[in-house]
Amino acid sequence: MRASDKNLTFLSDAEREALYGLPDFDDFQRAEFFSLTNEERTLAQKRSGIPEQILCMLQIGYFKAKQTFFNISFTDVPQEDIDFLLRCYFPGVPFSPRPVRQAEYYVQCNEIVKLYEYRLWSKEFTPLVTEKAAQLTLRDVTPTFIVTELVAFLNQQKIVRPGYNTLQAIIVDVLSAERKRLGNLMEEFLDDAGITALKQLLVRADTLSELAAIKQDAKNFSYQMMVVERQKRATLEPLYQIAKTLLPKLEISQQNKNYYASLANFYSIYDLRRLKPGQTYLYLLCYAWQRYQQLSDNLVSSFCYQLKKLEEETKSDSKQLFNQSLSSKQQESPQVGRLILLYVDEAIDDATLFGTVRDQAFNIMPKDSLITAGQRLCEKSPSQMAFRWEAVDNVTARCKKNLRPLAMSTHFSSTDTQNPWLMALSWMKTVFSRQQTLAQRPVSEIPANTIPKRLRSHLLVLDEEGKATGIRGDRYEFWIYRQIRKRFDINELYLNDSVVNRRFSDDLVSMEQKADILKKLDIPWLRQPLDESIDALYAELSLQWKLFDRELRQGKLKHLEYDAARKHLTWRKKPKVNKDEALKVAFYAKLQSHDIADIFRFVNEQCQFLSALTPLQPRYAKKVADEDSLMAVILAQALNHGNLSMAETSDIPYHVLEATYQQYLRLSTLKASNDRISNFISELSIFPYYSFGLEQLYGSVDGQRLEMGTPTLKARHSKKHFRRGKGVSAYTLLANHIALQTELIGSHEHESNFLFDICYNNTSNIMPTAITGDMHSINKANFAILHWFGMKLMPRFVSLQDQLKHLYCADDIANYEKFLIAPAGQINRSLIESDQAHIDQIVATLGLKEMTQSTLIRKLCALPPQNRTRKAIFEFDKLVRSIYTLKYLRNPQIERDVHRSQNRIESYHQLRSYTSQVSGKKQLIGRTDLEAAITNQCGRLIANVVIAYNSIILSLLVDKYKAAGNEKVIAKLQKISPVAWQHIHFLGHYDFKNNHNPIDFDVMLADITFN
């Protein structure tokens, strides 16, 4: 966001306060930062008077917290900090604050930096910091990223950070230089043809420019939609070829390419025309590069979807025909038997006329049925495979219509230049381009090794001697498409021009090129030598096996029931009594009800989360939207009203809502706004009481099915959840009742494939280290992946007996022969150690976010079973999973904590379900996947506002009873969930501008008492 003085406002007021404002310590932080070492205490005591010594101690504590100095007087400092220092270091000494000379402040700063071996900021460091900032812009040009990295760099170099204006000026100069550099390169490398093609995107034809048309997302995989997708890609083809050549010369990162592409996507055509030409060309070229790859992925996804649909249909039809054939034979068999017995029937005289016998036969089986049965017996019985190909013949027209255009326009690649399936596809393209059919071509043209022996009779026309005389063209075409899809699924074939379907090895980063960045990320797996890591895990696994067997034999595991005869393990469950729910309902019933708009406004006053909703507009645009309009448009999406319905039921007109939506509601700003609320709740006094213990912070993940008002590519059918409609799954990460992250995934996709992504992309200050989930959180790699990054996967097991199949041991399995429960196998350590290089590369790729976990899991599972990397990762996963499972079996507290953690996310889903149904139907509004994702983020925002409001109430009560020393009431408050909405009005006429009802907590809580 650019201010009017042409300086970049890269930090919000809250972020600037966090970086440059005086620290606001709580009791724990005060004890931590003001606990002085002998050297620190000696330095302070050298000062001449008590005020000078106290000021020096304050500066030491504040410097340790923020690595900067504050030119302060005693009136600026919280009295709690001064009282703490007096109590700890000057007990009984009278203190009268008086002003301290400015010279004393500078002397203290110099002494403190000498103590910590820091250097005070001076102009001589400007070139160093400018050079570092210039390097950072090549990775990410967003100002927040640059300032965060610069602060970390200054701390690493032990340089006291400069003032805000100085840092701001450096970043502005660097970004200006980067824009100028890119603009010059664009002018140098773009020829007239390229510029003309880029300008053509912004030219309006009738009512829609080419760019506006390209931005439109497909609604489904129908034929008409895919025709439009192919046309879009054809439009972008020339620009994409330019981008492939030009973008590498610009030396910008993948992150910046995506950022510039997002600007072209969010800016209107009008805005793009008003930017400098170099900027506009850069944004459009990056967008063309990204959008072309997305369209390629859409086309291949449609190809796979349509082919799978036809395969399932032909398989079902052939099975039905085959079963009908068998049924007919079974029905005819008794009658045919009776007909055969006529020939040996002694009651029929040999002189009997044949006509008489035939009449008897027709009495047994009608003439037409007899003819049919006879012909069937004379012919060879058709196999199920024959019926399958007959079913394929019936879908030939749909194959040509839906599959052929997609296959002909998709550019598959392979590491094998002589791949027979690509050669067959190329041959088919040549034949079809000549307006011929495959059946018109000679058999000799068929690429070698594409027709297996078992299918010759089905795919070729054979003469009496079994020689091929022709091609069954339609069947051969379908066969090739099936093989293309099969090879594509296992990554034997891939797309070079793709976002998610590239070759697996192309997605992995180079360890040498990324060494500096990886060192800064400090990924736990890359930090410790492999031998030490595996030794520790092996020792832990062996210990857990011994303890589990011993405790099971001694009957110490009272929560388990073990049947020795059947070797069967189950939980010994106690009846559940949910007193917490009754306590929660009773508590919120006592509270005064308020409208959601008033609560929204109140929470915003506490943490200013609406200020994170910055516009994506050129420098001349209005920067700040009024809070009423922002509230209205967020509620319109979150409650599924839509802008039009909200305009009809509120005092905000439609055109204001629509303009606010277009300028301010973006995924990045909504996530930042949610982070503000999450961070605010984490600082409330009730927050620590939500945790199950001090050892680790539990987070939980789960998906919630939501129907789409307007189906999109991501939406899928699910009769169980959506009946006849289509929908998606809102996959959410929760910690201590707070929704930290949410993403929309297809309802057909396995949730476990997105677990790491949603945890690793969490940008709030709340960092859960133990991630709970249901059985859908488990796959063959998640235990390993989370372990690599210092987290723990802790799923809730449904059947203990099923988990015994996944228990492995570290040492010789013969050592466990006498155990009550034996391991399913032994971990292959050499397999893990031998492929360390590839595992490290995968960890680095995930850490740098160059590849998503969902892409990794899909490609890992697609690798051949004998692939060493796949086997090594799955083997390591067995090791980590076995340790967790044994701990889970031994310690009932783990099971209880995991269960409670999952209950919390289920409560959150109930809140989201309620808010999404306020307008009538439980669904997400939005015409595209992006708009649906924005609606989902608005829904999370409203839920977090409700949770923040309830947490404020609970925190006020905690503070009240903590001051009174009433631990019993605090224990009750700890059991009350902030996920409650019975005291909040969501319906009615929304009066945002004139009907402000302040919330008075003193009145609200005056009558709240606990027995």
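**Reading the terms in this structure**

Reader: What makes E743 partly exposed?

Author: Its relative accessible area is 31%. Buried means under 20%, exposed over 50%, and partly exposed in between (1.4 Å probe, protein chains only). The value 31% falls in between, so E743 is partly exposed. Two notes on reading come next. This is a predicted model, where local features need pLDDT of at least 70, side-chain atom pairs count only at pLDDT 80 or more, and totals for chains, interfaces and linings use all residues.

Reader: How confident is the predictor, going by the mean pLDDT of the protein?

Author: pLDDT is the predictor's confidence in each residue, from 0 to 100. The mean is 86, and 94% of the residues reach 70 or more. Over residues 1-7, though, the pLDDT is below 50. Over residues 618-622 the pLDDT is also below 50. Where pLDDT is low, the predicted coordinates should not be read in detail.

Reader: Why is the pair K671 and E743 called a salt bridge?

Author: A salt bridge needs a side-chain nitrogen of Lys or Arg within 4 Å of a carboxyl oxygen of Asp or Glu. The closest N and O atoms of K671 and E743 are 2.9 Å apart. That is within 4 Å, so the pair counts. K671 is partly exposed, at 22%.

Reader: Which parts does this pair tie together?

Author: K671 lies in helix α32 (residues 667-682), and E743 in strand β13 (residues 738-746). Helices (H or I, at least four residues) and strands (E, at least two) are DSSP runs, numbered from the N terminus. The pair therefore ties together parts 72 residues apart in sequence.

Reader: What separates E581 and K584 in helix α27?

Author: They are 3 residues apart in α27 (residues 579-589), which means about one helical turn.

Reader: Is K584 buried or exposed?

Author: K584 has 10% relative accessibility. That is under 20%, so K584 counts as buried. E581, at 37%, counts as partly exposed.

Reader: How many disulfides does a search of the whole structure find?

Author: The search finds 0. A disulfide is a pair of cysteine sulfur atoms within 2.5 Å.

Definitions and conventions:
Residues numbered from 1 in each chain as written. Heavy atoms only, no water. Contact = heavy atoms within 4.5 Å.
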